[in-house]
Amino acid sequence: MHLVAEREGVVVQEDSMQDKFLEWMYTHKAGRVILRPLISPAVSRLGGRLLDSKVSRFLVAPFIRSHSIDMSRYEKRRYLSYNDFFTRRLIAGGRTIEKQPDKFISPCDGRLGVYEINGLPTFSVKHGRYTVSSLLRNRKLADRYAGGYIWIFRLCVEDYHRYIYVDNGKVSKSFRIPGVFHTVNPAACDRFPVYKENTREYSVLKSENFGEIVQMEVGAMLVGRIENHPGETYVKRGQEKGNFAFGGSTVILITRAGRIKPDKDILDNSARGIETKVKLGECIGEKICGDNNPDGI
């Protein structure tokens with residue numbers, strides 16, 4: 001059973017046919033035999049080529065119907081392939097970006113869990129335990145986030161798959177870590193250390209209002225492509241950072257101690273193992289009063 005909360009407080013159980021199928025693949029011997037080739041980079045590349053092809057555009061209309069997607073919120077255009085549709089853009093005003101500089105915003109649509117990083121630094125998600133250094137493959141950088149928070153935004157296939165920067169600041173180049181492509185569905189996260197096994201890419205944002213923030217994108221099953229715009233430049237709050245190609249996927253933020261206070265409903269839900277539905281640009285926390293130039297930025 002997987003629970004997700006709306007911001008208004010309503011908690012619902014998500015248990016789709018896709019969830020049931022993935023649960024079977026990760027818990028049964030026959031399912032794990034099928035799973036083994038599906039998580040490989042080669043299969044992800046093959047799937048990507050198929051979904052880039054013109055023939056895949058015939059999948060678009062059934063997908064829209066089955067997931068009840070309101071297409072009036074997106075640019076009106078003819079899609080040339082399924083991935084062309086999957087990376088569709090919102091119309092102007094399709095999401096509201098919170099502008100107050102002391103408000104911390106969501107970089108994407110998704111289901112959010114927030115977890116405290118203890119002094120080692122480590123954190124726990126569901127039944128999995130992680131070290132920040134294994135996630136980043138950089139112990140020196142990881143040590144700077146002890147006592148902070150890790151924010152995990154899980155995107156489902158029906159979500160908007162473009163993501164933004166959460167504040168003004170200077171962004172570093174991207175660091176890519178190759179890996180496999182487990183699904184980020186709870187069925188996998190409950191059984192594998194998905195976030196340190198999957199292919200991922202991250203950069204460090206030296207933000208104006210919240211100090212140093214790591215923003216990481218994690219690929220998932222049949223999502224071999226993390227398509228980020230070039231870094232090493234000054235960016236603004238709400239500016240697009242990039243997008244995922246087909247499938248569910250994850251955006252992770254890592255914030256330093258004493259910088260941001262997550263909203264109470266999100267922290268309470270996370271402590272109970274419940275994800276919270278959030279939208280790109282909405283407020284999910286606020287700045288902790290103190291140094292106006294944290295981390296010497």
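**View 1. Glu240 sits buried at 17% relative accessibility and pairs with Arg162 in this predicted model.** The two side chains meet in a salt bridge, with N and O 2.9 Å apart. Glu240 belongs to strand S15 (residues 240–244) and Arg162 to strand S8 (residues 162–164), so this pair ties together parts that are 78 residues apart in sequence. Arg162 is tucked away too: its relative accessible area is 9%, and it counts as buried. With the cut-off for buried set at under 20%, Glu240 makes it in at 17%.

**View 2. Stay on strand S15 and you meet Lys241, held by Glu217.** Here the salt bridge spans 3.0 Å from N to O. Glu217 comes from strand S12 (residues 211–218) and Lys241 from S15, so the link joins parts that are 24 residues apart in sequence. Are these two partners buried or exposed? Both Glu217 and Lys241 are buried.

**View 3. Asp109 and Arg95 bring two loops together.** Their closest N and O atoms are 2.6 Å apart, in another salt bridge. Asp109 lies in the loop between strand S3 (103–105) and strand S4 (110–116), while Arg95 lies in the loop between helix H5 (82–86) and S3, so the pair ties together parts that are 14 residues apart in sequence.

**View 4. Four charged residues join up in a network.** Which residues take part in this network of salt bridges? They are Arg7, Asp263, Asp265 and Glu282.

**View 5. Stepping back, here is the whole protein that the close-ups come from.** The protein has 10 helices and 19 strands, and the salt bridges come to 19. How do contacts run along the chain? Taking contacts between residues at least 6 apart in sequence, 75% join residues at least 24 apart.

Note on methods: Residues are numbered from 1 along each chain as its sequence is written. This is a predicted model: local features need pLDDT of at least 70, side-chain atom pairs count only at pLDDT 80 or more; totals for chains, interfaces and linings use all residues. Side-chain values use heavy atoms; hydrogens and water are left out. Helices (H or I, at least four residues) and strands (E, at least two) are DSSP runs, numbered from the N terminus. Buried means under 20% relative accessible area, exposed over 50%, partly exposed in between (1.4 Å probe, protein chains only). Contact means heavy atoms within 4.5 Å.
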